[in-house]
Amino acid sequence: MNKNSSAGSRNLNATVAKMHAIYGKRLKQEDYSALLSCTSVSDAAGYLKRNTYYSRALDGVDTDNIHRGNLEDILRRSIMENYFRMINFEKIGRDDFYDYFIVKTEIDEILICILHLNAGTGDHINTLPIYMNKYTSFNLLELAKAQDYDDLLAITKKTPYYDILKEFKPEEEGGHIDYPAIELKLRTYYAKRLTESVKKFGGETEKRLKNYIGAQTDMINIINSYRMKRYFNADAAEIKARMIPVYMRIPEKKMDELYSARDDKEFLERFSKTYYGREIAEKGFDMKDPEMSLIQFRFLQAKRAFSRSTSAPECFYTFNHLAEIEVKNIIRIIEGIRYSLPTKEISELIIT
Amino acid sequence: MSSIEKMMFADIAGMDTDLDAVLDIICSCGCFHMENAAAVHVSGSKTNAKRENPYTAPLKMLAEIGTLTGIKLQKTDCSDIPDSRAEQLTEDIRSIRNRVQKLNAEVRKASDELNSHRMALEQVQHLSGGEGVGSLNVDIEQIFACKHIKVRFGRLPTDSYDKLSYYEDKNFYFLAYGRDKEYVYGFCFAPLSEAEEIDSILESLYFDRIRLPDFVHGSADDAAKALEKNVDDDRNDVESRKMDLADYVEQQRDTLNKYFTKLKKLHDTFELREKVMMIRDKFYIVGFVPEKDSERFKKYFEDLKTVSLVMKPCDENGEIEIPVKLKNNKFAEPFSMFVDLYGLPAYNDINPTNFVAITYTLLFGIMFGDLGQGLVILLLGILLWKWKKMTLGRIMERLGVSSMIFGTLCGSVFGYEELLDPMYESLGIGFLPFKAIHSINNVLYGAIGIGIFIIIISVIVNMIMGFKEKNYTRALFSNNGLAGLVFYCSLLMLLLGGMLGLNVGGPVYVVCLIVLPLIVMFLREPLGDLLKGKGFHIHESVGDFIAANFFECFEFLLGYATNTLSFVRVGGFVLSHAGMMSVVLALANMSGGFSPLVMILGNLFVIALEGLLVGIQVLRLEFYEMFSRYYTGGGKAFKPVTVNYDEIIE
């Protein structure tokens, strides 16, 4: 990773102001209503181009003839473009913290590659974020071409992922790759690296970012363990082995109690007594759908943290999180339009 | 302080046969704030009156018509449509919607045709001299006539173009001849035997294949000419079909508006069932009505025999938070916007709008005193209110007048500080005491004096509120109570005495009027408990209590000093106005003679910049220096049930 300059102690008020200005242009309820009333993907793309902040990302795009997949790629790319606009605005430079988005992309792509290797399919290229290729620590195009685990190891040789990946090299050539174990290792690496990277900010910024990042890991663990309990009725040891060993608002002992619930009903009952359960109930979210409720709660946390903070790293992290959620919302609407889902059904999936 | 509208609690019960009539009344009367009846009436067998709204479907069709045609449906008179015709309306709307869909499909088809020809033309133009390989002077027909090679013609998104190297082992070649920000244009050549596989690869890369119409022959230039003519014809066709759709919509506009008004009223009234509680065949509705409207409200129910309406004072209803409607006089009314912004008062609290209106107007006038510029703000306010119905316009009217009054007292007109002197001299007034530029110290002392006066008033208001609530800690012992007031005033007297060389103070004065109030503030919570008869108790450990209250008292002391000095900004803006206008005058006189243009632009600049700054600064003083002393907000707004005609369907 490049280490051009440290932004840890710099005054980045202009970047914070810029982020707030961009956030002010986010999609409003009336934009979502207008998008939901669109009858075709090109209508939705046209609306975004004419009336929203995405006009910048869609400049030069022929929205009348756009393919759904292409539109989704452009929207995802806009997150990256905004990310680098913020990085470059006051020449923050890249460091362990500000690189988190690239690391996240790299890990996601490695995991997708492993899925394709296990399935024996070669269509990784279709979803490959090729626009990230000049920033990643390995060549994404080469990754998409990987035919076996040795190729994957060769491509990631000079990266921190190599040491993690080489542990899981299948004994036989072409043997099954332990995807869940690798995912856990990589996600744990990401969470710990990110938590470590915020130490340099010190004071309130470090504390709040740690809380925020830790809470995100908590919620990912809760969602995943709930799924394992509900759909596979997995036992406590099996669940714990698959969870990221980072704890923030719920201590390890309490998490163990969740994992050891008899079934999903008992899981929810125990969950309702945890910090997140109480918060969700207080906010009036549906406890029967803890996944959606936790996602909404995460969104609320990000919104609150972004609105209240004047610290550049905190704003930067939450701003990107909010931008990702907004793009996901639009993609859900576009998919809904493409597959002619009822408006009500699509709007239930929108997080605002 | 102006007051808060007195509310009555309305409890309505009746047989379900009259439910629709009752809902219609509460939706039309404009004075009923509805609450969920289930929160008040406790019964084991209660149910909700909500059912599927039958008016949602026709409204959705109207929304679709709106989206397809771009018309905005509006409220209109629909008294000629009886309620009994509501079902027939759905059928009428469906037939209009079907016709709109058909016309819209024709527009879309014509647009698609235009689009495909336009894209083909763009491609051909690229071929005949675009970027990349430049002009290909070949017969297009010949390219497509190849027997063993399939040729595709179109564009790839730039990201997909970057992925092409992934397919280097595949048997095809993409010849790019031009690119823009988002697309790379080109030919794709592939062996006939592998065309299917290559097509599927291209599809996964979002390749936009452009099909050339059959009539395109010859070289790229010839093809372009043929296509240009076609594009023109298509464009006319699209326009004519759009016109057909617009004509049809125009014919139906009045009907659609009437149907919308009728159905929206029925829909929104039906939605109120969500808050209606049913016990068997009896319904219960609860809510609030302003006391002044209660008699009128009662009359609506006189003819409904099965319905009983009980109105009682709000104090007898403990379960639901009482909504707040501010009662303001004409002068203060627009300033309620600022109170709303901060948060409405609770029902038993005070309404600070009058205080805000007076202090805001006065402070703005003092800080931005200019007869001419005040007049501009007044006129601008009148225009904003008349044309745009902006509440800010009404506030600007008041601020403009205040600015004019203080401008007259200061003798300032569009920056000319001496223009009014002859008028004053003719009245026998030799000098103007408020002339800012000649008495900087007086202006600054005056500003602090105003601040002290406002802070004292704020503390007194807080004390009154404390006594009203029987909260003696707030009224007597807090920094904004009697102890704080005595401490603040005594300290000020001491300082003033020192400045004027008077002998104010002495050990008894200091101990009784400064130290003692400080100790009272320090012990405010245990003293409050003592007055309530709960004894003198310290709830936490003594160490924690001392540490916490020491820092809090330190913060109070700092607060008195900073809040008072904060009002220096009032004087600062008086001076900055005079200073900025002297710069404008100097600029206007710089180019040899006098430049009216510079004077006008300078005045406009000062009005915009300083007007905005002063407006914000006064709001800051209101919220931070005054509200923080006596006002908490947090009340619930009175929202009478109405029909929302702004949106077809939420």
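How many bridges pair strand E2 (residues 33-35) of chain B with E9(B), and in which sense? The two pair in the antiparallel sense over 3 bridges, and B:Met34 stands opposite B:Gly287 in E9(B).

## Ground rules

This is a predicted model, where local features need pLDDT of at least 70, side-chain atom pairs count only at pLDDT 80 or more, and totals for chains, interfaces and linings use all residues. Residues are numbered from 1 along each chain as its sequence is written, while chains are lettered from A and ligands numbered from 1 in the order in which they are written.

Helices (H or I, at least four residues) and strands (E, at least two) are DSSP runs, numbered from the N terminus. Strands count as paired if DSSP finds at least two bridges between them.

## Strands around E9(B)

Let's stay with chain B, which has 21 helices and 12 strands. Strand E1 (residues 7-15) of chain B runs antiparallel to strand E9 (residues 282-290) of chain B, with 9 bridges joining them; B:Met15 stands opposite B:Lys282 there. E1(B) also pairs with strand E10 (residues 308-313) of chain B, in the antiparallel sense over 6 bridges, with B:Ala13 opposite B:Ser308.

Strand E8 (residues 277-279) of chain B is antiparallel to E9(B) too, joined by 3 bridges, and B:Ile279 has B:Lys282 as its bridge partner. The E8(B)-E9(B) hairpin has 2 residues between the strands, and B:Arg280 takes a positive phi near 50° in it. Of the 9 residues of E9(B), 8 are buried, so the rest of the structure largely encloses this strand. Buried here means 20 or more other C-beta atoms within 10 Å of the residue's own, with C-beta atoms placed from the backbone; exposed means 12 or fewer, and partly exposed is in between. For chain B as a whole, buried residues make up 34% of the 650 residues.

## An open sheet in chain B

Another group to look at is an open sheet of 4 strands, ordered E5-E6-E4-E7 (chain B), with antiparallel pairing. Strand E5 (173-179) and strand E7 (208-209) of chain B are at the edges with a single partner strand each, so one side of each has no neighbour in the sheet. E5(B) is joined by 6 bridges to strand E6 (residues 183-191) of chain B, and B:Phe174 has B:Cys188 in E6(B) as its bridge partner.

## A helix pair in chain A

Over in chain A, the axes of helix H11 (residues 203-232) and helix H16 (residues 290-308) come within 10 Å and cross at roughly 170°. Axes are lines fitted to C-alpha atoms, for helices over the stretch in contact, and angles run from 0 to 180 degrees between N-to-C directions.

Residues meeting across the pair include A:Tyr212 and A:Met219 in H11(A) and A:Leu294 and A:Arg298 in H16(A). Contact means C-beta atoms, placed from the backbone, within 7 Å.

## Where the chains meet

The contact between the chains takes 15 residues from chain B and 18 residues from chain A. On the chain B side, helix H2 (56-69) and helix H5 (158-162) are the elements that give two or more residues.

Where pLDDT is low, the predicted coordinates should not be read in detail.

Note on methods: Two residues are in contact if their C-beta atoms, placed from the backbone, lie within 7 Å.
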